[in-house]
Amino acid sequence: MVKKVIAALQVGSLATNEETLQKILSYEDELRAKQVSMVCIPEATLGGYPKGSTFGTYLGYRLPEGREQFFEYFQKSINVPDSPEIRTLEGFSKRIGATVAIGVIERGGSTMYCTLVYIDPEKGYVAKHRKLLPTASERLVWGSGDGSTLPVVETSAGRIGGGICWENYVPAFRAAYYAKGLDIYLAPTVDMREIWRTSMRHIAYEGRNYLVSAVQFQGPKPDSETPYGWKAGENLINGGSVIVDPMGEIIAGPLIGEEGVVSAEIDTDEVIKARFDLDLTGHYSRGDVFQLTVNETPRDVKFVSQ
């Protein structure tokens with residue numbers, strides 16, 4: 001039995017990536033003192049989540065100012081793994097001695113992706129997952145990932161992997177990750193609602209794995225910048241980060257209304273114990289009736305010469 005500490009770092013995007021990185025780095029001493037083995041940082045922390053933005057888009061037409069807004073957003077996206085931001089996070093991971101899983105806005109050509117980047121304290125960058133299905137109007141500004149970025153990463157705390165925000169509501173997505181044998185399911189998000197935390201308890205209990213959901217925290221916008229339909233003075237993203245055990249019980253958090261660290265000591269032996277009566281890819285599966293095929297080939301353009 002080896003116990004490890006895992007954490008969610010609840011922070012929000014600032015005006016620039018440099019400022020956001022400095023905010024993350026400001027928690028270095030606290031994370032090192034807690035001796036964390038893995039820390040999850042929310043969806044779109046680097047690059048930002050432009051909540052309330054319309055990008056000048058209406059059904060059937062788009063305004064020029066929306067293109068300018070898209071360009072400004074694109075300027076904050078990063079190359080993965082070749083960017084100074086990733087180099088900074090590699091140093092951060094090494095100094096705290098923990099695997100870092102962080103949500104970023106990744107640029108691929110002229111398209112942006114909502115991406116979860118994995119950084120090992122010894123190896124540096126090791127993997128990424130591009131969100132398969134952006135939610136609702138997110139599809140205006142983010143492309144869709146493919147099956148080639150569904151990694152599982154070995155860490156000192158256990159095998160980690162998972163999805164970003166609402167793609168975790170796709171049953172086949174969850175089933176694919178359960179089949180990969182996770183100890184810790186990651187679900188970074190900007191969804192601050194109580195119903196999200198209910199879903200996180202369900203996913204942990206369904207997969208019989210630990211779960212970490214890191215949620216952004218962003219305070220209110222100035223009255224002149226408050227998004228349409230949003231209450232002036234209300235936090236734009238109110239947090240709610242949690243850690244859940246394999247029996248669906250919240251063991252840390254929720255942290256609401258402020259930034260900070262949510263952490264918990266875990267023992268992955270509990271994963272095996274929890275699967276005594278429910279193992280969805282083992283004794284509780286019916287492969288003779290249900291089959292899931294996961295296409296993990298890249299969908300990129302390929303040039304073939306004779």
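**View A. A charged network of four residues.** Glu28, Asp29, Arg32 and Arg95 are joined in a network of salt bridges, a salt bridge being a side-chain nitrogen of Lys or Arg within 4 Å of a carboxyl oxygen of Asp or Glu. Side chains of opposite charge can pair when their charged atoms come close. Across the whole structure, a search finds 18 salt bridges. Before you zoom in further, note that this is a predicted model, in which local features need pLDDT of at least 70 and side-chain atom pairs count only at pLDDT 80 or more, while totals for chains, interfaces and linings use all residues. Residues are numbered from 1 along each chain as its sequence is written, and side-chain values use heavy atoms, with hydrogens and water left out.

View B. In the pair Arg159 and Glu154, the closest N and O atoms are 2.5 Å apart. Arg159 is partly exposed, at 26% relative accessible area; here buried means under 20% relative accessible area, exposed means over 50%, and partly exposed is in between (1.4 Å probe, protein chains only). Arg174 pairs with Glu206, with 2.8 Å between the closest N and O atoms. Helices (H or I, at least four residues) and strands (E, at least two) are DSSP runs, numbered from the N terminus. Arg174 itself is buried, at 9% relative accessibility. Lys180 forms a salt bridge with Glu296, whose closest N and O atoms are 2.9 Å apart. Lys180 sits in the loop between α5 and β10 (184–186) and Glu296 in the segment after α7 (269–274), so the pair ties together parts that are 116 residues apart in sequence. Both ends are partly exposed: Lys180 has 23% relative accessibility, and Glu296 has a relative accessible area of 39%.

**View C. Helix α5 and its neighbours.** Which residues of α5 are buried? They are Phe173, Arg174, Ala176, Tyr177 and Tyr178. The buried residues of this helix pack against β7 (124–130), β9, β10 and α6. After α5 comes Gly181, with a positive phi near 75°.

**View D. Aromatic pairs.** Rings of Phe, Tyr and Trp (its six-membered ring) pair if their centres lie within 6.5 Å; planes under 30 degrees apart count as stacked, over 60 as edge-to-face and the rest as tilted. By this rule there are seven aromatic pairs. Tyr58 and Tyr61 make a stacked one, with 5.4 Å from centre to centre and 15° between the planes. Tyr58 is partly exposed at 43% relative accessibility, and Tyr61 is partly exposed with a relative accessible area of 45%. Tyr169 and Trp196 have ring centres 5.7 Å apart and planes at 85°, so their pair is edge-to-face. This pair links distant parts of the chain, 27 residues apart: Tyr169 lies in the loop between β9 (158–162) and α5 (171–179), and Trp196 in helix α6 (residues 194–207). Tyr169 is partly exposed, at 31% relative accessibility, whereas Trp196 is buried, at 0% relative accessible area. Together with Trp166, Tyr169 and Trp196 form one aromatic cluster.

**View E. Arginines over tyrosine rings.** Here a charge sits over a ring if NZ of Lys or CZ of Arg is within 6 Å of the ring centre and within 35 degrees of the ring normal. The charged end of Arg130 sits over the ring of Tyr113, 3.8 Å from its centre. Arg208 lies over the face of Tyr205, 4.2 Å from the ring centre.

**View F. Nonpolar cores.** A nonpolar core is a set of buried Ala, Val, Leu, Ile, Met, Phe, Trp, Tyr and Cys residues joined through side-chain atoms within 4.5 Å. How many residues does the largest nonpolar core have? It has 38, and those with the most contacts inside it are Ile6, Met38, Tyr118, Trp142, Ile184, Leu186 and Val212. Strand β6 (residues 111–120) gives the most to this core, with four residues. Leaving aside residues up to four places away in sequence, Trp142 touches Glu43, Tyr49, Tyr73, Ile105, Met112, Cys114, Lys131 and Pro134, where contact means heavy atoms within 4.5 Å. Another core lies apart from the largest one and has 26 residues, among them Leu21, Leu31, Phe92 and Ile96.
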